[in-house]
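Please examine the structure shown below.

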Amino acid sequence: MSSRMFKFGVTAASACIGSVLASWTIDRWNSPHVVNNAVQRPPKRKRTLPLRSEQIKSLTSGEEFDVLIIGGGATGAGCALDSVTRGLKTALVELDDFASGTSSRSTKLIHGGVRYLQKAILGLDFEQYRMVKEALQERASMLESAPHLTHPLPIMLPVYTWWQVPYYWVGIKCYDLVAGDRNVKSSYYLSKQDALELFPMLKKDKLCGAIVYYDGQQDDARMCLAVALTAARHGATVCNHVEVKQLLKKDDGTGKQVLCGAKVKDNISGKEFTVKAKCIINATGPFTDSIRKMDDPTVKSICCPSSGVHIVLPGYYSPDQMGLLDPSTSDGRVIFFLPWQRQTIAGTTDSPCEVTRTPTPTEDEIQFILSEIKNYLNADVEVRRGDVLSAWSGIRPLVSDPNKDDTQSLARNHIVHVSPSKLITIAGGKWTTYRAMAEHTLDAAIKACNLSPERAEAVTSYLKIEGGQGWTPTMYIRLVQDFGLECEVAQHLAKSYGDRAFAVSKMASLTGKRWPIIGNRIHPEFPYIDAEIRYGVREYACTAVDMIARRLRLAFLNVQAAQEALPVIVDIMGEELQWSKDEKEKQIKQATEFLANEMGHSVNRTSKERIPIKLSKDEIQTYIKRFQLIDKDKKGYVSINDIRRAIKNFGDGDVSGEQLHEILREIDTNMNGQVELDEYLQMMSAIKTGDVAYSRFARMAELEEQKHEAANLKQKISVDRSGGGL
């Protein structure tokens with residue numbers, strides 16, 4: 001025991017001393033990209049947000065851009081903002097929508113990487129240390145630049161072995177030390193009692209205490225969109241749903257072929273045109289190699305894609321403002337368990353995968369996450385498969401560095417590569433360092449393509465992102481007082497749109513009620529209102545998927561609720577974009593497929609179908625009786641009309657046809673528009689085992705039985721025993 005404690009003491013002391021010395025040395029000799037704020041002031045926003053049609057017109061004008069960026073994720077949007085604020089004529093095109101790929105499917109954390117620091121210190125890896133140091137600096141920058149979309153989040157690391165308490169405490173304190181004066185908040189130790197008070201869902205057995213440290217959290221898709229919109233306001237031409245079909249080259253006068261533009265296609269209108277540019281930046285994440293091979297078909301692939309799956313659980317699984325970190329799962333991966341948008345995110349996995357535009361979560365990955373989080377929650381919290389509200393997969397684009405001879409090893413940080421034809425590729429990295437990645441990319445682009453910016457250095461460190469200029473933590477109160485919005489809705493608008501929330505509120509329709517005065521919700525369980533759909537179109541939303549996944553976050557929060565809200569969303573978008581009836585039906589079909597394949601709806605349904613019926617004989621007889629009470633015509637199945645009749649009997653009034661179909665779809669696993677007895681029994685078995693959280697159809701059948709029994713009891717009471725009669 002004394003030997004173990006001696007080794008631990010040496011390790012802890014070495015870690016502290018090493019991190020402090022390394023921090024001082026690297027900060028002293030390697031302080032890249034320091035900008036004098038007195039000299040380099042960020043430019044003011046130049047214009048109101050142009051319409052998408054105006055952006056397309058700018059692309060097709062035939063004028064030559066200084067920089068053309070391919071990719072509208074975090075890195076691409078960051079490059080556009082850095083480029084335009086340096087004074088370069090900038091264009092950005094994105095095949096799908098802004099943040100439609102990896103940038104909307106992250107863990108929502110803004111972090112330096114606790115595990116990376118552990119490896120850096122124990123392995124004396126200075127490259128990894130610098131990566132953590134840079135990320136921690138950028139973490140502070142993001143929290144300052146978009147205060148409405150980001151916030152500090154305490155994360156608890158529970159400890160179940162006593163000697164690990166000082167070990168983890170030292171490690172987390174090193175994390176604070178590396179952040180230096182850019183630290184969010186100081187970490188601290190919690191006793192067992194205090195840990196359970198802050199995180200009551202935590203497993204009590206053998207708990208020794210906990211360490212709490214701080215990172216940041218964000219709304220990733222809206223953050224990416226806000227960066228792109230900020231670039232547009234400063235004069236950049238940014239266009240989503242524009243696909244690069246071919247890269248164009250010309251002779252530079254020395255016989256060398258260099259890039260001079262691209263042939264692109266507007267996938268909304270179907271028109272193709274040419275965009276001229278002095279410099280082209282490839283910021284396409286997992287699709288990096290497809291653009292590199294468009295430039296040179298003979299280049300070797302550098303991207304090694306990895307799938308990360310997350311699931312969303314109800315908010316009661318975690319406290320409102322406390323996350324959880326499992327530092328060592330059964331297979332060595334890290335699992336985060338975080339509150340987000342009043343729900344709970346759990347993930348992530350890390351599995352090799354193929355590059356695809358439609359990454360899909362699998363049942364095995366969902367079950368892995370569920371099984372891991374069970375280890376940290378107490379017995380009162382039954383982790384049920386049916387509580388999975390949504391699930392998604394994001395592709396992390398790990399890369400090997402083409403600048404080095406050894407291309408087999410993966411780069412820990414991002415890489416910037418310039419091809420012989422002057423294609424600038426930025427790859428790797430992570431969400432937190434998007435601004436620094438953009439800065440390094442533009443530095444390389446200016447040098448490689450001989451560009452002449454008005455400002456030689458980046459000014460994005462001091463720039464507020466769209467919505468952050470006039471935002472305050474209490475701004476939502478003015479929205480309640482000035483517009484008559486619900487408090488919950490006003491808080492949501494302030495956090496999602498910042499100072500643009502007032503512009504959104506002005507587009508809200510009257511409710512016809514005494515309170516709230518304006519703001520009709522598009523789904524009763526979420527604070528999203530009709531005005532956001534109209535405003536979302538002005539934020540370049542072109543499809544229903546753009547709206548439910550990235551302007552609103554409904555698809556990521558609750559896939560069933562997103563499906564239920566689709567008709568209202570499509571109707572409002574149809575008014576704004578003048579969609580025909582056929583186009584509306586097409587949009588609903590595409591959005592339904594997106595929810596089924598990419599947001600876990602189909603895997604949720606498949607998990608129900610796999611469930612064996614585990615009911616006692618008495619339970620089966622009870623459920624058969626309930627089923628027959630609803631199936632009054634003895635057809636052998638329950639139709640939509642049976643459901644309508646049952647609901648009216650409960651005094652619920654008129655229910656829309658869409659709501660009736662939603663109740664039917666919950667249980668109609670074979671998708672034939674009818675509910676058979678075996679489907680009902682399977683649903684009840686799933687509810688019993690926890691694989692399904694609830695069913696409106698099941699509740700309706702229960703109420704129907706209660707109503708029937710009450711009627712029978714009333715008939716049995718004779719007149720002379722009822723207390724009435726003659």
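Within helix α4, which spans residues 114–122, the buried residues are Leu-117, Ala-120 and Ile-121; buried means under 20% relative accessible area, with a 1.4 Å probe and protein chains only. The model is predicted: local features need pLDDT of at least 70, side-chain atom pairs count only at pLDDT 80 or more, and totals for chains, interfaces and linings use all residues. Residues are numbered from 1 along each chain as its sequence is written, and side-chain values use heavy atoms, leaving out hydrogens and water.

**Helix α4**
- Viewed down the axis of α4, the buried residues fall within an arc of 90 degrees, so they line one face of the helix; the arc is that of the directions from the helix axis to the C-beta atoms.
- An α-helix has 3.6 residues a turn, so residues three or four places apart point the same way.
- Leu-124 follows α4 and has a positive phi, near 50 degrees.

**Helix α18**
- Asn-558 caps the N-terminal end of α18, with a side-chain oxygen 3.1 Å from the backbone nitrogen of Gln-560.
- Helix α18, residues 559–577, bends by about 45 degrees at Ala-565, and Pro-567 follows within four residues; the bend is the angle between axes fitted to the seven residues ending at a residue and the seven starting there.
- The buried residues of α18 include Ala-565, Leu-566 and Ile-569.
- Just after α18, Gln-578 has a positive phi of about 55 degrees.

**The loop residue Ile-517**
- Ile-517 lies in the loop between α14 (501–505) and α15 (530–538).
- Ile-517 has a relative accessible area of 37%, and is therefore partly exposed, the class between buried and exposed (over 50%).

Notes
Helix = DSSP H or I, 4+ residues; strand = E, 2+ residues; numbered from the N terminus. Polar contact = N/O pair within 3.5 Å; in protein donor to acceptor, adjacent residues only side chain to side chain.
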